[in-house]
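Hi,

Here is the structure I promised to pass on to you.

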Amino acid sequence: MKLRKAALPIAAVIPALLVMSACSGESSDSESKKPNVSAKGQQSAEEKEAAEAKRLGAFDGKALEKAAIIGKTDGFDAKKIAKAEVEAGRGMESDKKACQPLASLIGGFTHIPAVSTVHRSLQPGEASNATVGSMWLASHSEANATQVMRDLRTAVTECPKGFKTLGLTYGKVENLPAPKLGDEAVAYRITGDIGKQKVPMTYTVVRDGGVIAAFYGVNMLDAKKAAIPEAVVKAQLDRL
């Protein structure tokens, strides 16, 4: 994913948004079950997604797209991401089952499949701001969204020494103070070993009802400034 040539693009840090092998058996609101149907008289994938979203009280893809920030937002420019780039994230599996929620979020998805997901790249509006990143919304039933957060907290606690996935090593996981936003939130830093370089990546994950809003940031000049600002997170939650 190209965010900025001057800064480190997400695709250079990891094989960008990459994902999942649901470490929990709960996947009642699964994207993976969307049918590939085009025959007349049968539901299209979009119609079935909308019906499933209605059943679960979740957002379908169209509604989630409308709810996602776009354009200039509190010092960042939110842009849509090509579907092919997003789908490149479907394949990130941790070598440790307990760490799967972390691996899935590195891939840009939740380890429990969602009804729908929407992704944005986040580019700084000022040249002096070296933080680049991305965000995504994943719509679940509220029960599954709560489970996502529960599993994520457990992963942060049980994977302090990191994990491996797709030949890459993530050597350290640190819990960070989470913003007091939404129904609950988790913040953490993962240090990726990219060649001989250590790359600290900061995540802020917030649950608002059945929606998981995840924000990824990296700052190659100052890891302490890598988190996507709370103002951007709040702006997104306000749209929900």
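The nine strands of an open sheet run in the order E1-E2-E3-E4-E9-E8-E7-E6-E5, with antiparallel pairing. Helices (H or I, at least four residues) and strands (E, at least two) are DSSP runs numbered from the N terminus, and two strands pair if DSSP finds at least two bridges between them. At the edges sit strand E1 (71–73) and strand E5 (163–165), each pairing on one side only. From one strand to the next, the twist averages 30 degrees.

Before going further, please keep in mind that this is a predicted model: local features need pLDDT of at least 70, side-chain atom pairs count only at pLDDT 80 or more, and totals for chains, interfaces and linings use all residues. Residues are numbered from 1 along each chain as its sequence is written, and side-chain values use heavy atoms, with hydrogens and water left out.

Among the partners, Phe76 has Pro124 in E3 as its bridge partner.

Two helices lie across the sheet strands. Helix H6 (residues 142–158) lies across strand E6 (168–176), strand E7 (184–194), strand E8 (197–208) and strand E9 (211–218), at about 50 degrees to E7. Helix H7 (residues 230–239) lies across E1, E2, strand E4 (132–139), E8 and E9, and runs at about 155 degrees to E9. For these angles, axes are lines fitted to C-alpha atoms, for helices over the stretch in contact, and angles run from 0 to 180 degrees between N-to-C directions; contact means heavy atoms within 4.5 Å.

Which residues of H7 are buried? They are Val232, Val233, Gln236 and Leu237, where buried means under 20% relative accessible area (1.4 Å probe, protein chains only). Seen down the axis of H7, they fall within an arc of 135 degrees, so they line one face of the helix; the arc is that of the directions from the helix axis to the C-beta atoms. These buried residues pack against helix H3 (61–67), E1, E2, E4, E8 and E9.

Finally, there is one disulfide, meaning a pair of cysteine sulfur atoms within 2.5 Å. Cys99 and Cys159 form it, with their sulfur atoms 2.1 Å apart. The link is left-handed, at -110 degrees about the S-S bond. It joins distant parts of the chain, 60 residues apart: Cys99 is in the loop between helix H4 (83–87) and helix H5 (100–106), and Cys159 in the loop between H6 and E5. Cys99 is buried at a relative accessible area of 1%, and Cys159 is buried at 2%.

Best wishes

Note on methods
Buried < 20%, exposed > 50% of the residue type's maximum accessible area, 1.4 Å probe, protein only.
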